[in-house]
Amino acid sequence: MAQNSTKTDPSTAMKRTLAAFGGAGTRLAAAAADVIAPPVCLHCHQPAASHGALCAPCWSTIRFIRPPVCDRLGIPLPYDIGGPALSAEAVADPPVFDRARSVAHHTGAVRELVHDLKFRDRDDVVDLLANWMADAGRDLIAVAEVIVPVPLGRWRLLRRTFNQSALLAQALARRAGMTYDPLSLVRTRATASQVGLTRMQREDNVRGAFAVPEKRRSRIDGKSVLLIDDVMTTGATVSACTRALRNAGAERVDVLTVAVVTGDTNLLT
C-alpha cells in the first residue's frame, strides 16, 4: 500500500545522487534539476520559485490561522489579551480533546491541496503540508509523546490504498523525531461518509466507531497523544477518537489538522 511511501520525482533523485559529492555537488544538483525539471507550483502547476512550493498567486489564496487563537479550539480570536484565552464557543461547549490547532481555513489552495492528497493520490504534497503542520502545531508537538493518525475503515483503506492522515502523521513524526503509531487506534465498524451530514448526524455516525486494541493499550496509557487528521469540520470524528484514546488511558489528547472548516464566527458549526 502507498500509506508509508511518497513519490520521488526525477529532479529529487538527481539532487540526491549529486549531493553525495559534497557542497559543490549539492549546488550542481539543484541547478541541473531545475534545468531538467523546472519547479512548478504544487497546486496550479505554473512556474514557481522552488520545488515543492506554491506560486505567489496560489499562496495568496491561503488564509493561514495565526495567533491570537482560542487555546482549546484553535480558532482565531479578535484581539490578543497577552496570554492564553478561550473563545465563547469553548466556554459554552468545551471539547473533549485538550487543544486543537489547524494550519489554515479550508479554502483556496489549502482546500485543493487536501483534496489532491485525499482523492487524487497526490502524495507529493505531503512534505509541504507536514511542514506547515509542524509550524502550526509546535506547542502541541512540544508536549506530545506519540503521534496517532485518525484511521480509515478497512474497506475504505483497501479502495483508496492509503490513509492521507497517516501519511501526514508519519511525515510530521519524522520531522519532530517522535514516535509514529498508526496501529493503536482503529475503526471498529464501517461508517458512512461525513460529507453532507449535520453536526448531530456526524456525531451519531462516528459514535463508538473507534477503539484502542487491548494489546496496544500500553502504548497509549499515560501518554500525551497528538491526533492527526486532514480536515476538522464539526469536530465529531476527532472527538470520537479522543474518547477512545482516553478510554485507553491517554493522559491528554491534542488535535492537529491541515485545515478547519469555519463558519462566520466559530469552528464547530
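## Two crossing helices

The axes of helix 6 (residues 126-136) and helix 9 (residues 164-176) come within 9 Å and cross at roughly 60°. Keep in mind that this is a predicted model. With that angle, helix 6 and helix 9 count as oblique to each other, and helix 6 passes helix 9 in a right-handed crossing. Here's who makes the contact:

| Helix | Residues in the contact |
|---|---|
| Helix 6 | Val126, Asp127, Leu129, Ala130, Asn131, Met133, Ala134 |
| Helix 9 | Leu167, Leu168, Ala171, Leu172, Arg174, Arg175 |

Sorted by class, the contact of helix 6 with helix 9 has nine nonpolar residues, three charged ones and one polar one.

Now hop over to helix 10, which covers residues 199-206. Which of its residues are buried? They are Arg202, Asn205 and Val206. Looking down the axis of helix 10, you'd find its buried residues within an arc of 80°, so they line one face of the helix. In general, an α-helix has 3.6 residues a turn, so residues three or four places apart point the same way. As for what covers the buried residues of helix 10, that includes strand 5 (210-211) and helix 11 (236-247). After helix 10 comes Gly208, with a positive phi near 70°.

Last stop: Cys44, in the loop between helix 2 (23-36) and helix 3 (56-59). Cys44 is partly exposed, at a relative accessible area of 27%. Leaving out residues up to four places away in sequence, Cys44 touches Cys55 and Cys58. Cys44 and Cys58 sit 14 residues apart in sequence, and their C-alpha atoms are 7.5 Å apart in space.

Technical notes:
Residues are numbered from 1 along each chain as its sequence is written. This is a predicted model: local features need pLDDT of at least 70, side-chain atom pairs count only at pLDDT 80 or more; totals for chains, interfaces and linings use all residues. Side-chain values use heavy atoms; hydrogens and water are left out. Buried means under 20% relative accessible area, exposed over 50%, partly exposed in between (1.4 Å probe, protein chains only). Helices (H or I, at least four residues) and strands (E, at least two) are DSSP runs, numbered from the N terminus. The arc is that of the directions from the helix axis to the C-beta atoms. Contact means heavy atoms within 4.5 Å. Axes are lines fitted to C-alpha atoms, for helices over the stretch in contact, and angles run from 0 to 180 degrees between N-to-C directions. Angles under 35 degrees count as roughly parallel, over 145 as roughly antiparallel, 65 to 115 as roughly perpendicular and the rest as oblique. A crossing is left-handed if the near helix is turned anticlockwise from the far one by less than a right angle, and right-handed if clockwise. Ala, Val, Leu, Ile, Met, Phe, Trp, Tyr, Cys and Pro count as nonpolar, Asp, Glu, Lys and Arg as charged, and the others, Gly among them, as polar.
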